[in-house]
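Welcome, and please take a moment with the sequence and the model shown here. We will walk through a few places together, one at a time.

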Amino acid sequence: MTSTQSNAAAIRAFRIIELLAQAREPLALTEISTRMDLPKQSVHRLLKQLESAWLVNRDGPGQHHYVCSSRVRQMAINLLMTTGPAAERRAILQELADKVQASCNLVISSGDAVVYLDRVEANWSANAKLTPGTRVPFHCTASGKLLMSLLPKQQRERLLRRLPLRHWTELTISDTALLRAELDDTRKRRLGLNRGEYIPGVIAIAVPVMLTPYRAGAAVAIQASTQQFSMAELMAWESRLRGVADRLAQTFDVPDERIASAGMLPSEALTDL
């Protein structure tokens, strides 16, 4: 294969990853071929190479559909954590934590969990170490429930069916019907609540970081011990937290209309209202 051919193949392989990252659902070979305007045989060959490099996985009906692998998702998360405006985001979170005197974090969704992009601790007494890059469950965290609630209904239901609803504390919502009702309420108020459902004695509130008026890219949360704050006292910071979310939104590259209408950020963080 010539250098020119190799370059063309590499660009086409990258384009496949880009398409999968943008898609709301796993894509079939035919869909990828159509969107790239390439023969199915050529696309299939590229997919096999990407699969062997652990860059794409099979998913969906009959395992004949494709998604980005966890390796690609982790790369996207690492880029968001370490490059560009990461320092600006840290400064915004630090300012909030100093004012509230409670821990603050910025979270995105990734696969079957949510991931801390950044976190500033203040008066943190829990034994759990929640550092940037830590993955935590959807169903029992304020940010997780919020981001899950904002997913399109079909995607939200599919996630509900496959999530292991582990019972972390006596307050964890581990019943699917009850969790669905909680998500409906969360979606209406656009506010996620954690009433001690993940770590005993730790509560939190979370609001969406809106990339456009109808599209959330992340969630920002305040976490505190119940010895420090009641839920009502934490809720008193909601208005300021929404202002922080607006500032954080300015640190993200807003996708153009073509990408926004097609799907998600590479980290799978984009959700619809």
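With which side chain does the side chain of glutamate 197 make a polar contact? The partner is the side chain of lysine 145, at 2.8 Å; a polar contact is a pair of N or O atoms within 3.5 Å, where, within protein, one must be able to donate a hydrogen and the other to accept it, and residues adjacent in sequence count only if both atoms are side-chain atoms.

Before going further, a word on what you are looking at. This is a predicted model, in which local features need pLDDT of at least 70 and side-chain atom pairs count only at pLDDT 80 or more, while totals for chains, interfaces and linings use all residues. Residues are numbered from 1 along each chain as its sequence is written, and side-chain values use heavy atoms, with hydrogens and water left out.

Back to glutamate 197, which sits in the loop between strand 7 (192-194) and strand 8 (202-212). Helices (H or I, at least four residues) and strands (E, at least two) are DSSP runs, numbered from the N terminus. With a relative accessible area of 1%, glutamate 197 is buried; buried means under 20% relative accessible area, exposed over 50%, and partly exposed in between (1.4 Å probe, protein chains only). The side chain of glutamate 197 also reaches the backbone nitrogen of arginine 195, at 2.9 Å. Not counting residues up to four places away in sequence, glutamate 197 touches several others, among them His139, Trp168 and Ile173, where contact means heavy atoms within 4.5 Å.

The pairing of lysine 145 with glutamate 197 is also a salt bridge (2.8 Å, N to O), that is, a side-chain nitrogen of Lys or Arg within 4 Å of a carboxyl oxygen of Asp or Glu. Lysine 145 belongs to helix 6 (residues 142-149) and glutamate 197 to the loop between strand 7 and strand 8, so the pair ties together parts that are 52 residues apart in sequence. Both lysine 145 and glutamate 197 are buried. A network of salt bridges links Lys145, Glu182, Arg189, Arg195 and Glu197. Glutamate 182 counts as buried at 9% relative accessibility, whereas arginine 189 is partly exposed at 30%.

Another salt bridge joins the side chains of arginine 180 and glutamate 157 (2.9 Å, N to O). Arginine 180 lies in helix 8 (residues 176-189) and glutamate 157 in helix 7 (residues 153-162), so this pair ties together parts 23 residues apart in sequence.

Now turn to another pair of helices. The axes of helix 5 (residues 86-100) and helix 10 (residues 238-249) come within 10 Å and cross at roughly 170°. Helix 5 and helix 10 are therefore roughly antiparallel to each other, a label for angles over 145 degrees. The contact involves residues including Ile92 and Leu96 of helix 5, and Leu241 and Val244 of helix 10.

Finally, arginine 90 is found in helix 5 and is partly exposed, at 34% relative accessibility. A polar atom of the arginine 90 side chain lies 3.1 Å from the backbone oxygen of arginine 119.

Definitions and conventions. Axes are lines fitted to C-alpha atoms, for helices over the stretch in contact, and angles run from 0 to 180 degrees between N-to-C directions. Angles under 35 degrees count as roughly parallel, over 145 as roughly antiparallel, 65 to 115 as roughly perpendicular and the rest as oblique.
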